[in-house]
Amino acid sequence: MGKLGIKIVFISLTCFFSCKSSSEDFIDKKTMAIVFADLKTAEAKVSRLNLTGVDSSRVAFKYLEKQIYKKHKIDSVLYLKSFDFYAKDKKQLLSIYVQAEKIIENNKNKNTTY
């Protein structure tokens, strides 16, 4: 195999490994919806605290955000990478939002039933 052949194989392998996105590199859609619902719920809780400063609200939300990531055994980098991945396909992202909305509604109903 000549130099041209080696270059073609090298470029092909590089593209294959760099362009390939494994499902292990992203949070699955169901978990993504759960995490998103948890984050939106945390955001609502912080807004109801009526904290006087914006910085206090940010600190409170960051604390809850870290707890949510810890609960789901992920980190912010993986969440953002997954969000960007799903945002490339509007239908997938919309389905995650719809699932998250249902989760939030179900949680509201659980909390209001006696």
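I started with burial: 21% of the chain's 114 residues count as buried (under 20% relative accessible area, with exposed over 50% and partly exposed in between, 1.4 Å probe, protein chains only). I kept in mind that this is a predicted model, where local features need pLDDT of at least 70, side-chain atom pairs count only at pLDDT 80 or more, and totals for chains, interfaces and linings use all residues. Residues are numbered from 1 along each chain as its sequence is written, and side-chain values use heavy atoms, with hydrogens and water left out.

Next I looked up the fold and noted five helices and zero strands (DSSP runs numbered from the N terminus: H or I of at least four residues for helices, E of at least two for strands).

Then I turned to the rings. The whole structure holds five aromatic pairs (Phe, Tyr or Trp rings, the six-membered one for Trp, with centres within 6.5 Å; planes under 30 degrees apart are stacked, over 60 edge-to-face, the rest tilted). One of them is Tyr 79 with Phe 83, tilted at 6.4 Å centre to centre and 35° between the planes. Both sit in helix 4 (residues 76–87), four residues apart, about one turn of the helix. I found Tyr 79 buried at 7% relative accessibility, and Phe 83 partly exposed at 23%.

I moved on to Phe 85 and Tyr 86, an edge-to-face pair with centres 5.2 Å apart and planes at 70°. Here Phe 85 is partly exposed at 28%, while Tyr 86 is buried at 6%.
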